[in-house]
Amino acid sequence: MTITDVEVKAIELKANDIRQTIIRMLTAAGSGHTAGPLGMSDIFAALYFHVLKHDPKNPDWAERDRLFLSNGHIAPVLYATMAHSGYFPVEECLTLRKFGSRLQGHPERHALPGLESTSGPLGSGISQAAGYAYAARMDSPPAGGFRVYVATSDGEHDEGNSWEGAMFASAKKLGNLTQVIDRNFIQIDGNTEDVMPLEPFGDKYRAFGWHVIDIDGNDIRQFVAACEEAKTVTDKPTLIHARTVPGKGIKSIENDYLWHGKPPSKDEEVVFLEELSLAREALLKAGK
Amino acid sequence: MINKEMHLREDLFEGKEKSPTRSGFGKGAVEAGKADERVVVLSADLAESTRADAFQKEFPERFVEVGVAEQNMATVGAGMAAYGKIPFITSYATFSPGRNWEQIRTTIAINNVPVKICGMHAGLLTGPDGATHQALEDIALMRAMPNMIVISPCDAEEGRKATLAAAKNGLPTYLRFARDKTPVMTTPETPFEIGKAQIFWKSKNPKVAVFATGPLVYNALLAARELEGHGIGTAVVNVHTIKPLDKELIVALARETGSVVTVEEHQIMGGLGGAIAELLARECPTPIEFVGIQDKFGQSGEPKELMEHYGLGVSHISAAVSKVLGRK
């Protein structure tokens, strides 16, 4: 799957739309996480508009690729992307975290069609995705036609369960599993390397027996290429080690860990949306 | 006297036939595996001890070793169940559902996928391993969890049936098993249905209802026989399913007898006694005496001496019956 310049541009525009929706939904909710969702908007746009095999009108399609979101607190980027893909109306995003909403503060599998699992408590996504990938491969003939993806965060690699899952996936040679890690170097209490150092992160995964691809996670071409490369590795799971910029798209908050777990204020919403609108216009102009 | 409808063993009171309830799991898992190819068994480095090895021998391709990693076992199991398998995850109860409680809550119970959590070495029957390995809080951990079924078989035969029933119920389910050999009371003809408590013994004119769970049902029966000899009539109920509780039968017997004793190898707080007290306080306030662990941890020792030390012996049950009669 090569990707053309036109396709990249289209995904970049989608990522911008997703970022604007994230800002609006978080401001309306009055709580939630901003930095992670903005940092992962490019990857989620690429997943839903290019990489994943899925059908918004048929969320239970048997041959869909499975995407497990492990770090459930970045739910706004998942919801916004699903909405822009056609799973539900974009305006429903403004119900995030409200009573009776399908968009629970952390994703709840039974609340919204299209979610593979419930998540929020950290460190459990790799194992679930690995269990799913393993079960699919157990069948005779192995269940084919889809791949299992899991999106994780760097902070949640403080959890032992993450590494237990990483060991399991490697031991069982799960070539049908791709992990995408949001390596943004921040967590709630500070920078990851100050809170609990994770480096050399990629090498740790290599030592655990994974195929590791290091990319700039805000570069759509690199991400799509990495997803393609992962499919060619059949005897081990793949980690797409994506260096992302937390808060990407809003210059004043980029790389600031204080934005990990808070929403924009009403005033900030206006300023942030303006910045994103200008970026969108610039993108459109650059294409002409 | 023994309730004939339950088809209990004729030689029940001789206590000749003994087997650990975990062996019932081993047999049940193999039978469940034969009946349904979706059944898989996961082990956290305790295959022999949990009797998961029986399944491993029969179906090596459906046996999954995860190493000493109970959190991983629960979450891998959740993923396999989401795909469509029926995973039985096996370890000691202090580790699973002890160590991995949150993983069970989020990925199994909230997701509502049919993983069967099999907690072995529950209770003082674990013996010499000591307090760290004697699960006395596991029922409370699982009872408080929405969507979770909680089953505590009274003997190996019932353990086999409970395993088979759990494989078919399509729900998150906790199964509690013990290490040491205990008397087999039931037979293949004894009925078993999740959620249906069973009257094993009923005197002509019962004055006390004794609700017991797990292998201690045997001690309750011994106490009932002894009490009948002294002219005190009781009913002994095997409450193998602690959640959902058989409310109808428990309330009816509490009304009929007017006093209740609960018996369990578990902390009184949050266990069978707690469940029955919650029910009767609402439906039919009744004096209750609780035979169980009194907010303590266990210690090393032979199961029999531990049972006596912690107040779970036949004499303790008889004493509780006498005491509750005095409160009527």
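How many of the 328 residues of chain B count as buried? The figure is 61%, where buried takes 20 or more other C-beta atoms within 10 Å of a residue's own, exposed takes 12 or fewer, and partly exposed lies in between, with C-beta atoms placed from the backbone.

1. **Ground rules.** This is a predicted model, where local features need pLDDT of at least 70 and side-chain atom pairs count only at pLDDT 80 or more, while totals for chains, interfaces and linings use all residues. Residues are numbered from 1 along each chain as its sequence is written, and chains are lettered from A and ligands numbered from 1 in the order in which they are written.

2. **Chain B overall.** Chain B has 12 helices and 14 strands; these are DSSP runs numbered from the N terminus, helices being H or I with at least four residues and strands E with at least two. The C-alpha trace spans about 55 × 40 × 35 Å along its principal axes. Among contacts in chain B with a separation of 6 or more, 80% join residues 24 or more positions apart; a contact needs C-beta atoms, placed from the backbone, within 7 Å.

3. **Two domains in chain B.** The assignment gives domain 1 (4-14 + 191-326) and domain 2 (18-183), with bounds from an automatic or database domain assignment. Their C-alpha centres lie 24 Å apart. At the join, 31 residues of domain 1 of chain B are in contact with 33 residues of domain 2 of chain B. On the domain 1 side, the elements giving two or more residues are helix H8 (217-229), strand S12 (241-243), strand S13 (260-267), helix H10 (272-283) and helix H11 (303-309) of chain B. That side divides into 15 nonpolar, 13 polar and three charged residues (nonpolar: Ala, Val, Leu, Ile, Met, Phe, Trp, Tyr, Cys and Pro; charged: Asp, Glu, Lys and Arg; polar: the others, Gly among them).

4. **A look at H8(B).** The 13 residues of H8(B) should span 18 Å at 1.5 Å a residue, and the end C-alpha atoms are 19 Å apart, which agrees (the expected span is 1.5 Å times one less than the number of residues). Its buried residues include B:Val217, B:Tyr218, B:Leu221 and B:Leu227. The buried residues of H8(B) pack against S8, S9, S10, S11, S13 and H12 of chain B. After H8(B) comes B:Gly231, with a positive phi near 80 degrees.

5. **Where the chains meet.** The contact uses 20 residues from chain B and 23 residues from chain A. Helix H4 (70-83) and helix H5 (101-110) of chain B each supply at least two residues to the chain B side, and H4(B) gives the most, with 10 residues. By class, the chain B side has eight nonpolar, 10 polar and two charged residues.

6. **B:Met269.** B:Met269 sits in the loop between S13 and H10 of chain B. B:Met269 counts as partly exposed because it has 14 C-beta neighbours inside 10 Å. Leaving out residues up to four places away in sequence, B:Met269 touches B:Ala140, B:Gly274 and B:Asp295.

7. **Chain A, from the record.** UniProt places "domain: Transketolase N-terminal" (unreviewed entry) at residues 15-268 of chain A; UniProt positions follow the numbering used here, feature names are shortened, and annotations may be inferred rather than shown by experiment. That span of chain A is 37% helix and 13% strand, with end C-alpha atoms 20 Å apart.

Notes. Contact = placed C-beta atoms within 7 Å.
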